[in-house]
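Student: I'm new to this one, so please pick a single part and take me through it closely. After that, show me how the chains sit against each other.

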Amino acid sequence: MITYVVIFSILAVLLVASALYAVIQKDLLAAVISTGVVSLILSVFFYLMQAPDVALTEAAIGIALTTIIFVITIRNTSRNEDETVDNNLEKF
Amino acid sequence: MQNFEQYNSIITTGVYGSAIALILIGLYAVLIKKHLIKIVIGLSIIDAGVHLLFVAIGYIKGGTAPIFSPGNEDAVNKMVDPVPQALVLTAIVIGFAVTAVALSLVIRLYKHHNTARIDQIKSLKW
Amino acid sequence: MKKVLVLVLLVIVGYFLTDTFNLIPFGENRIGNPQDEQTVAGYYLNNTVEKTSVANTVTAIVVNYRGFDTLGEVTVLFLATTGLGSILFRRKEDEEEIERINKPSSSLMQTGSRVLFPLIALLGIYVFIHGHLTPGGGFQGGAIIATGFLLMLISYKNFKAGHTMLNWVESLAGITFVSIGLWGLLTGGTFLENVLPAGELNNLISGGVIPIIYIAVGFKVAAELTGVLDILLNIKPKK
Amino acid sequence: MVISPVHYIAVPLLAAFTIPLLSKYIHKELARIVPGIVLLYSVFVSIVLMMQVSEVGVISEKIAGWSAPWGINLMFTPFSGFLASLMSVVGFLIWLYSYNFKKIEQSQSQKYHILQMMMVTGAIGIVLTGDIFNLFVFMEITAITAYSLTSFYRERDGAEAGFKYLLIGSFASVMILLAVMILYTQLGTLNMAEIAQNAHLIPTPLRATILVLFLVGFGIEAEMFPLNGWAPDAYSQSPGPIGAAFAGIVVKAGVYALIRVIFTLFDIHGAYDFLIYGGLITMIIAETAAVAQTNLKRMLAYSSIGQMGFVLIAFGIGTKTAIIGALFLMFNHAVIKSLLFMSGSYLTYNSLNKKISALAGLGKKLPIVSLLFGLGAFAIVGLPPFSGFWSKLYVLTAAADQNMLLLIMAILAVSIIEIIYYFRVVSTLYYGKQEDEEIKVQKPSINAMVSMLILGATIIVVGVYPDIITHFLNNAADMLLDKASYIQAVLTQNIN
């Protein structure tokens, strides 16, 4: 049980930390990946709270598709938040 | 999960605290950040927080998922509330749709102005 | 200055939310005893198996009890795709060189996605066919299939995701959903009423129209999400 | 098949999903015609149901065979039915107007018409549904079409306006979602009638929280101050007919939701005062801002916000006369503002820029359109022979009954401001000096003309015989005030 709580607490801290990182980070690509991590931890949370349906949805939509459309947008705009240097994404 | 009681306050703080923290972090990004993509990221973090809260209010201590798999048909009394889960499903999909529209607007703004920063797009200053 | 104001606002909002959720204890049983049917949730838990033969209560709620919401939600996705098309629409004249920005990807990637795509699609279809029995369903399965299409879109420059097929799937799935609804209305019941026999619990073919609707939702969601990705990936890069 | 409220939703959805196939494989033109047929069918459904409802009282329909609290239900009451009918009629006229609209490119017209039809459907859904989460879903349908339509034109600053609207709209949906969530934890139900019945069981702090969240969330859609930052941009950047749709349909749905929450869900008295003060501030600020506008559409947008403030005041007074006045105002605003936006959009289309001063002399070049614009301007400020007069009279009478002298003075003062800026436009139209003879005038197409003439005729007919509409308003006001019969109508569904 104690392990459960420890793991849970670590996840909660990670969740908030990655959300913060997503907001602070100037490199938008890293920020978007970090948002994906938020979704990932969120889906673990949903699973722990006995909501497997929601966990699956969050995994498929939040982690995969939302991140992808963000990446596509960054590729079509700018990658750096300050736009001082125009270092666009390597076209993949 | 026998000792759940003992750690209940930790878990409560963990779930509610992180959900509220997500909402606040997202709000901060939307209000302070100047880059449009950052603003959309903020919106989706707010959404994530709200979804977490939504699932959290349906959770019941020691409950099981609301699925009647063979062998646990008698588990009705232990199941968590299925309604918030159903609502969150809807909310997640709607959130994705709104994010997609927002990002397409960002792309178009970038094409018009060659920048995605609010402070350089005149008509977006407010 | 603005930062200070925003921080003050954040403190207020945070206080407000904490205060509110202090009054809503976490993990407390709010649905009462399901047998009493005091709350909506209790009613659902108590009656779903008996009345719809659906093992997954969430599916029963999403597709049957609150099926109208799901119809609206599918519509939101459909409208988002339509809106995306109108927002990112190109005129003929600036369409000279629409070329996907991708460099042709490596043959490893191409072979890999060709092998993976059927597997992903199969997984997605499995997820939404079993939506009434196990966790998962139309949205999840549809989204999984869309990620499969994403792989194909990225690795094959000229993979157009079969626009004709996409259109057909999108429209037919939507029409199926609404038609099942109207079927209920035509047979003298109500819109979206479960007109087929419920069948036996935990059989693949059970739950009346619920699995049919969820499969339609799955195809619809897959088609819409692929449509969104296709539109976004086809944007002409800036010079 | 018996006509029932669900046709309002099911038929447009079926059409929306079918149109892509029809236009591709049968005929391209179907993409533009089918939405019109569907909206016309909605008008037909409205007529049939309005006739039924005046006999039965309330038409309540359950969805998916589950009665009231377990499933979702649609409520066609005299109040919601009146608004749904109004929306379907205005929606059809907007379709008629924008069929062949010059500025919408051929390749885009399919998307435009689908989005416009679904905007109307979403708004009707908001009005009819009896379930609070379902209301949220319909609000998102309306919102997402509104975002796309705001940024429909490529060449203008549409994307900025659309993004602004989306940002504010997202806040609204987060708040509504939070409110629904807290509500659900307290009552374990999402059905509005059951919520209304049990709302007094919620502890006071939580009830206040829910109410505030709902008011802010729906206040954004209803253009209430200070939550209306999106409105002027959205109105002025969107295509002309969509400006009319915002004024005639989307905002109406927002006001409906606000009123439903205050009158039916939470019958708290402080909320009425809140409506009066909120409405008063909104009205005064918006009307003052309208005077300062040089852009015609922005001026109309601010005027629209001001009118919505007036509607909120009227609801806030809360007596039966006031509610009749408020509903009459909503009717007038839908009809007159649509006419103003439609005719105004042809006027600006034929001027060099969107400035009011550029309209000089158009009165001679576009006589009928200018005449209709003038008619709308006279009607909305409330000059006697037109319909706008009666609604103002109702509200003023109600205010006088309640001895709200300051309120009456404020309303009259605002009316004078309105007169100033509308007459400025009309006088520019007719007496302004023409600067450029060269402009080739683009005459509106016949269908647009018909649509505007119908609206113009409505203004005059209702102005002369207000009784044809007050009958419906009377029933609607009764229904809104009679919370108990609403609850009863929903919760006794299970019996039949």
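**A helix in chain B, and what surrounds the chains**

Tutor: Let's start with α2 of chain B, residues 36–58: this helix has 23 residues and reaches 34 Å from its first C-alpha to its last, close to the 33 Å expected at 1.5 Å a residue (that is, 1.5 Å times one less than its number of residues). Helices here are DSSP runs of H or I with at least four residues, strands are runs of E with at least two, and both are numbered from the N terminus. Keep in mind that this is a predicted model, where local features need pLDDT of at least 70 and side-chain atom pairs count only at 80 or more, while totals for chains, interfaces and linings use all residues. Residues are numbered from 1 along each chain as written, with chains lettered from A and ligands numbered from 1 in written order.

Back to α2(B): 23 of its 23 residues are buried, so the helix is largely enclosed by the rest of the structure. (Buried takes 20 or more other C-beta atoms within 10 Å of a residue's own, placed from the backbone.)

Now chain C: 49% of its 239 residues count as buried. Its secondary structure is eight helices and zero strands, running α-α-α-α-α-α-α-α from the N terminus. Of its contacts (C-beta atoms, placed from the backbone, within 7 Å) with a separation of 6 or more, 67% join residues 24 or more positions apart.

Chain C also has neighbours. It meets chain A through 21 residues of its own and 14 of chain A. With chain D, 44 residues of chain C are in contact with 47 of chain D. On the chain D side, the elements supplying at least two residues each include α1 (7–25), β1 (59–62) and α8 (204–221), but the largest share, 10 residues, comes from α5(D).

Conventions
Two residues are in contact if their C-beta atoms, placed from the backbone, lie within 7 Å. A residue is buried if 20 or more other C-beta atoms lie within 10 Å of its own, exposed if 12 or fewer, and partly exposed in between; C-beta atoms are placed from the backbone.
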